[in-house]
Amino acid sequence: MIWNMEKVYNKLETVQQLKYILKYLLSLINEPEQTWNYLKDGDVDESKPEYMQNNYYLPMMGVVALLLFLMKGWGSPFDIEHAMKTVVSFLAAFFLSPYLASFLLNQTYGRMKQMEFDKDKLQIFVGYCLSFLMLVNLFSASFPTIKFLTFCSLYLFYIIWCASDVFIGIEEKERWKFTAIAFFMIWLSPIIIEKLMSLMTR
């Protein structure tokens, strides 16, 4: 009986986590400015890097990896080798991208303006931006014949633009420069890691 109750609790917890991921992902897409404005308040759990990683970013990465595994392996017979290669490449890219993107932002815009980003805010900013790219990655893999889906990643520019002011605190005259640099650093990070993984597994 206790074991059954634990199973029910675990299922409910999983459902709640999926709802949480969906809620913030849709909020980031539909109302990016309001979402960043909410996250800038350090008192909310979502504004803490550990909470964001454990309750949003990593679970979302797991869900997307599972869906990619099923889609890429789908066929007769099930192509597990192709599915595993796709998932390993995806997991490596999006697990390491937050570190690479943060490093690149510090080394480019940070050095250019001789400023140091708030470490926690930068982690949250990069994490939420990369979660949007995960979604684009999933849809592009799901519908490979619909080429325009790749261009959906350009919406990241607007998400970053909204964050630059209300969340990162960039001055108005610097917003375009920061947005452009941050967009390319975040967008390129998973691509760079995936290319490196591809070279290593040849």
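Biologist: In which loop is Gln114 found?
Modeller: Happy to start there, with the reminder that this is a predicted model, where local features need pLDDT of at least 70, side-chain atom pairs count only at pLDDT 80 or more, and totals for chains, interfaces and linings use all residues. Residues are numbered from 1 along each chain as its sequence is written, and side-chain values use heavy atoms, leaving out hydrogens and water. Helices here are DSSP runs of H or I with at least four residues, numbered from the N terminus. Gln114 is found in the loop between helix H4 (80–112) and H5.

Biologist: Is Gln114 buried or exposed?
Modeller: Buried means under 20% relative accessible area, exposed over 50%, and partly exposed in between, with a 1.4 Å probe and protein chains only. Gln114 has 75% relative accessibility, so this residue counts as exposed.

Biologist: What is the phi of Gln114?
Modeller: Gln114 is not a glycine, yet its phi is positive. The value is about 50°.

Biologist: Why do H5 and H6 count as roughly antiparallel?
Modeller: Axes are lines fitted to C-alpha atoms, for helices over the stretch in contact, and angles run from 0 to 180 degrees between N-to-C directions. Angles over 145 degrees count as roughly antiparallel. Helix H5 (residues 119–142) and helix H6 (residues 155–166) pack with axes 10 Å apart, at an angle of about 160°. H5 and H6 are therefore roughly antiparallel.

Biologist: Where is Met71 found, and is Met71 exposed or partly exposed?
Modeller: Met71 is found in helix H3. Its relative accessibility is 33%, so Met71 counts as partly exposed.

Technical notes
Helix = DSSP H or I, 4+ residues; strand = E, 2+ residues; numbered from the N terminus. Parallel < 35°, antiparallel > 145°, perpendicular 65-115°, else oblique.
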